Amino acid sequence: MSARTRIITTVTSIMIGIAIVIGAVLVPSFRGIVTLAEEISRQQSKAAEALANARQLKVTTSFIEEIQRELPALERMIIEGGKEIDFFALLEEKNKQYHLEQLVRLSPSVEVLPSLEELPLEFQIQGTFRDILAYISELERMPELIVLRSITLSHSTVSKDSKKPLSATVTGVIYVHKK
């Protein structure tokens, strides 16, 4: 064999060896690197999702703690079941304090929660503008939660007393804790 043939055979053998090394070692390694990169990306996505969930949990926990701190104050604002009459007696006292004529109409209660009812009210009030305004202001300052939904003022045609020239219709709700 000539030197030239030996060189070509040697170079060819080396090239075949390199191709085998590339095929047997490097290609699977590259595939492994790509697979590993994809797995790292999935793990990063999971970690980002877990972090977002942890942040939301922290916000939710903070909100629950805030509600728990305010709950006693809210519970004091809700009328205890069976004590609605006391509340209406208090309304009558306020009514007399401001020299008003008042008629309170109740609608059927609506269950808001298993232990909480909303009781719709409508007040028909006759009196002076100042007295009606003071009475409504007093309603808003009461410790019991009363939500006023609408107030309508008009010239009184109902009152027999000329000193009570205005008529007001006030609608709202109170909340009653069911036993």
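This is a predicted model: local features need pLDDT of at least 70, side-chain atom pairs count only at pLDDT 80 or more; totals for chains, interfaces and linings use all residues.

Trainee: Got it. So what stands opposite isoleucine 146?

Mentor: That's isoleucine 174, which is in β6. Isoleucine 146 belongs to strand β5, residues 146-155, and nine bridges join β5 to β6. Those two strands run antiparallel.

Trainee: And which way do β4 and β6 pair, parallel or antiparallel?

Mentor: Antiparallel, over twelve bridges, with β4 covering residues 116-127. As an example, isoleucine 125 stands opposite alanine 168 in β6.

Trainee: What about β1, how many bridges join that strand to β6?

Mentor: Two, and here the strands run parallel. β1 is residues 79-80, and isoleucine 79 stands opposite valine 176 in β6.

Trainee: Why is β6 largely enclosed by the rest of the structure?

Mentor: Because nine of its twelve residues, in the stretch 166-177, are buried. Buried here means under 20% relative accessible area.

Trainee: Switching topic: where is lysine 178?

Mentor: In the segment after β6. Lysine 178 has a relative accessible area of 21%, so it counts as partly exposed.

Trainee: Which residues does lysine 178 touch, leaving out those up to four places away in sequence?

Mentor: Glu111, Leu113, Pro114, Ser115, Leu116 and Glu117.

Trainee: And how far apart are lysine 178 and valine 21?

Mentor: They're 81 Å apart in space, C-alpha to C-alpha, and 157 residues apart in sequence.

Methods:
Residues are numbered from 1 along each chain as its sequence is written. Side-chain values use heavy atoms; hydrogens and water are left out. Buried means under 20% relative accessible area, exposed over 50%, partly exposed in between (1.4 Å probe, protein chains only). Helices (H or I, at least four residues) and strands (E, at least two) are DSSP runs, numbered from the N terminus. Two strands pair if DSSP finds at least two bridges between them. Contact means heavy atoms within 4.5 Å.
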